[in-house]
Amino acid sequence: MDQIIIGYIIKELHNGRADLEISAKDDLLGSGLVESMGMMRLIQFIEDEFNFKVAPEDMTIDHFMTVEAMVNYIESVQFVEHE
Amino acid sequence: MKQLADMLDQLGVKKGDRIGIYMNRCMETAIAIYGIMYLGAVYVPLDPKAPIHRTNSLVKNCDIGIIISHPPQRKKIENIFEEDNDLHTIVGLPEEYAPHYISWEEVYEQSSNFRPGKLIKPTDLAYIMYTSGSTGQPKGIMHTHFSGLSYARLSADLYGLNENDKIGNHAPIHFDISTLGYFTAPLVGATTLIVPDAYTIMPASLSQLMAKERLTVWYSVPLAMIQLLQKGLLKERDLSSLKWILYGGEPFPPKYMRALMKHWPNAQFCNVYGPAEVNQCTNYQIPTPPVDNEPIPIGDVWAETKCLIINEEDEVVQKGKQGELLIHSTTRMKGYWQNDVLTQQSLYTHTNSDGKQEIYYRTGDLFHRDEQNRLQFNGRKDHQVKIRGYRVELDAVEALLVTHPAILESAVFTVQNNDSKQIQAAVILNESTRVDKNDLIAFLKQQLPYYAVPEKIHTLDAFPRTGSGKIKRSEVKKKCLEI
């Protein structure tokens, strides 16, 4: 799941730059890797790709600061939905 | 701050030297700004999101030898060092990495009793903020201690700010909206909350922070507030502490203004206008929620400021007629760094009714006064636009495109995309060349700030022109959008 998200960030938000490497623990928000317009597109992508709606109260720094945080969030939501 | 000044003094920094600041939103920006000014040097805020070439052109343009930075920018700093410039020392990076790095830890070991040897005069430079010119060449707007302090005094008075106020600073320091939080607040002893980058990206977290900190003043571009409105969960936040909502940089769509005023009924909303050359020069307090979608007026000039509306022949227009706005103010810049020609072109000397000569700044913005004598904005004289509050010279984007070997001619225009303005470009290719549009965008991204890069590039065989051969950009736009 990490790779799907990282792939989107590099391809869609950074034009597929070959020299860009992003790890799951990198701070995306503080580093400028994802800025506000990009974040809106990324959230839309996550909703489409993983088939759920990100609740407005979940659009917080804790859930979106790193790819790892996003994956944890997505999995927690999917877990709830499967119950 | 004195420790940083001491360190800079030991590095041989003299009064008037330009020192770069290359950091995200963080506490150290305040230390850097005041440490530099305390020594009598001039701070030059550099946007860490700008392409390296552009940053390098600013570093060269005003002879920056030292940059204040921090670990998150290490990679980019290394790239800037590799460029051709006279940079020799970085304060804020661990010295293990390079001989010319000095860490913040070492700064904090300096004496906090440092006192600079030379006196600072009001006419001495305090900071230089860069904006782009129509040829793409950077323009360094020079502000003195006098103009900076004038802005701080006037804004403190107008908004009645004091030590009980808490100002939310959203803007990065290379944007003059930051001067409220960095200059005005310290003047009156108010607190400034430097909003970290992460909060500017996640509106739900930002609104939570604003409520938790009980901010009394918020000053930002409209976009930040529109994001709060749409995704910031404002219904769940108690932001009743807000007394003043100030916005600048772009017009505020009335429909969003209405919605925000409903959420924050106790706050006063003000439209703040002013090119960076004069910081702020007008104020308009919105009396009641807008009833229609007419643009919110600019209002009138504030204290210590006079204005003229003049026509093409530099004559004052008749009441109600449109013309270019000229501003005379204590907040006016000194001029453009090492560009007397551009400085002279931007200024206008007027003889007032007492026979005295006064210098006005030519804003390049068109205005007229309405029936209620309020200033109403009517667009630009030239091809400059605002994207997310930033000035973009469309001429510069066009000029840059034409430097690409595959491109013969270009015409750049803007498109209104929902609530934001977007730049798009039309190009005519050199005969029998083909070019990948992604390559063109990458080419532009290397030299332009992200907000100035066209979102889309269209290829046309020819441009619609006027009888005298000038490109009809509105027709080009129509052609591109039809395809």
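Which residues touch the most other members of the largest nonpolar core?

## Nonpolar cores

In this predicted model, local features need pLDDT of at least 70 and side-chain atom pairs count only at pLDDT 80 or more, whereas totals for chains, interfaces and linings use all residues. Residues are numbered from 1 along each chain as its sequence is written, and chains are lettered from A and ligands numbered from 1 in the order in which they are written.

Leu8(B), Ile19(B), Ile21(B), Ile36(B), Val42(B), Tyr43(B) and Ile128(B) touch the most other members of the largest nonpolar core, which holds 120 residues. Such a core is a set of buried Ala, Val, Leu, Ile, Met, Phe, Trp, Tyr and Cys residues joined through C-beta atoms within 7 Å; a residue is buried if 20 or more other C-beta atoms, placed from the backbone, lie within 10 Å of its own. With six residues, strand β6 (residues 125–132) of chain B gives the most to this core; strands (E, at least two residues) and helices (H or I, at least four) are DSSP runs numbered from the N terminus. Because domain 1 (2–120) and domain 2 (142–382) of chain B both give residues to the core, it lies between them.

A second, separate core of 23 residues includes Ile407(B), Leu440(B), Ala452(B) and Ile457(B).

## Domains of chain B

An automatic or database assignment supplies the domain bounds. Chain B is divided into domain 1 (2–120), domain 2 (142–382) and domain 3 (384–482). The C-alpha centres of domains 2 and 3 of chain B lie 30 Å apart.

Nine residues of domain 2 of chain B are in contact (C-beta atoms, placed from the backbone, within 7 Å) with six residues of domain 3 of chain B. On the domain 2 side, these residues divide into four nonpolar, two polar and three charged. Here Ala, Val, Leu, Ile, Met, Phe, Trp, Tyr, Cys and Pro count as nonpolar, Asp, Glu, Lys and Arg as charged, and the others, Gly among them, as polar.

## Contact between the chains

Chain B contributes 18 residues to the contact and chain A contributes 16 residues. On the chain B side, α8 (197–201), α9 (203–212), α10 (222–231) and α14 (437–447) each supply at least two residues, and α8(B) gives the most, with five residues. The chain B side divides into 10 nonpolar, five polar and three charged residues.

## Chain A

Chain A has five helices and zero strands. Its C-alpha trace spans about 40 × 20 × 20 Å along the principal axes. Of the 83 residues of chain A, 19% count as buried.

Note on methods:
A residue is buried if 20 or more other C-beta atoms lie within 10 Å of its own, exposed if 12 or fewer, and partly exposed in between; C-beta atoms are placed from the backbone. Two residues are in contact if their C-beta atoms, placed from the backbone, lie within 7 Å.
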